[in-house]
Amino acid sequence: MAEDNDDSQEKTEEATPRRLDKAREEGQTARSKELATMAVLLAGAGGLLVFGTTLGGAFANIMRSSFAIERESLFDTNFMGLHLLAAAEEATTAVAPLLLILLVAAIAGSIGIGGLLFSGKAIAPKFDRLNPLKGLKRMFSLRSLVELVKGVAKVALVMVVAVLILDLRTADLLSIAEEPAIPAMAHVAWTLGWSFFLLSCATIVIAALDVPYQIYDHHKKLRMTKQEVKDEFKDTEGKPEVKGRIRQLQREMAQRRMMQDVPEADVVITNPSHYAVALKYDQKTMAAPIVVAKGADEIAFKIMEIAREHRVEVLRTPPLTRAVFHNTEIGGEIPDGLYMAVAQVLAYLFQLRQYRRGQGAKPGMPDFPIPSELRRDV
């Protein structure tokens, strides 16, 4: 029992499907914030490059109309409200495609690993997180150290990419000072857009490293001890003694149903000290004789006892009994190779009944033909 309750066992076993399902129900699944960040940044940068001209035109229109209001309109009490509504509508129409792209990217990045998951347990308040000791433990844990290293690496990577971009664009940026104002503004916007896109591409490297780590870390947290695996197996499959008892009850029920069919049999053939097989044949409804009951040792004696109580003929045919017992199932037809032998049994049974009625000579027990592949010696 001490071993069962030993919490010091190492978690060396991979999580079982049941453990994974339970963790998912509780909202525990692999997630990568870096993947979501990468998706949003790339979508935002790409969206600005694609829709930047449209956005710039829309906001230029709004600025132009806002600073070019006619004098008469200023005295209209309804004009400013309508003008503000029109400007908001134009801005919303211009920004909507970009916002939609960002929304899709945010959702796709969040469910990129782990899939879509809704769990009330994940958003339920957990008061144990208010424990200062546990908070300190989390702050100085290996996971916190990994997050710190990741943060430093992200900043360093972005800085390196930013320096490289500035180095490549230095001459281009200096040339803007010699351009007219409007072309210069367009040039600046184009330079900023592509610089932002290249900076966003740096997050691909971070996400590519973080996603495998998060998957590994998630599976590591769900690992189980050998004892946990055993306990779960017991809970799922049932304790061995319970399963054994269930199988015993099932066998007993099957035996009772089988014994109930013995009185309906036409004949019971036996190897008196070991086997008994009850056969039934109705040429109107059956293609071949079927086995309604069979058993060995105590069950065989019980079959013979019930057969005699209900005046079902019991014939001693050891080789044939062994062959039928080992090559048939209860409720199944006898094999083709035993048709002739069983037919002779039924014919002998018919002649025996005729003799008992005084309508014929006493028949002799025939020699039943049994194919060598169906013959059993024990």
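Is Trp194 buried, exposed or partly exposed? Trp194 is partly exposed, at a relative accessible area of 33%. Here, buried means under 20% relative accessible area, exposed over 50%, and partly exposed in between (1.4 Å probe, protein chains only).

This is a predicted model, so local features need pLDDT of at least 70 and side-chain atom pairs count only at pLDDT 80 or more, while totals for chains, interfaces and linings use all residues. Residues are numbered from 1 along each chain as its sequence is written, and side-chain values use heavy atoms, with hydrogens and water left out.

**View 1. The whole protein.** The secondary structure comes to 13 helices and 4 strands; these are DSSP runs numbered from the N terminus, with helices being H or I of at least four residues and strands E of at least two. Of the 378 residues, 29% count as buried. Take the contacts (heavy atoms within 4.5 Å) with a separation of 6 or more: residues 24 or more positions apart account for 75% of them.

View 2. The whole structure holds 2 aromatic pairs. In the pair of Trp194 and Phe197, the ring centres are 5.7 Å apart and the planes sit at 80 degrees, so this one is edge-to-face. For the rule behind that, rings of Phe, Tyr and Trp (its six-membered ring) pair if their centres lie within 6.5 Å, and planes under 30 degrees apart count as stacked, over 60 as edge-to-face and the rest as tilted. Trp194 and Phe197 are 3 residues apart in helix 8, so about one helical turn separates them.

**View 3. Asp297, between strand 3 and helix 11.** Asp297 sits in the loop between strand 3 (290-296) and helix 11 (298-309). Though not a glycine, Asp297 has a positive phi of about 55 degrees. Its relative accessible area is 42%, so Asp297 is partly exposed.

**View 4. Arg311, between helix 11 and strand 4.** Look for Arg311 in the loop between helix 11 and strand 4 (313-316). Arg311 is another residue other than glycine with a positive phi, near 60 degrees. With 81% relative accessibility, Arg311 counts as exposed.
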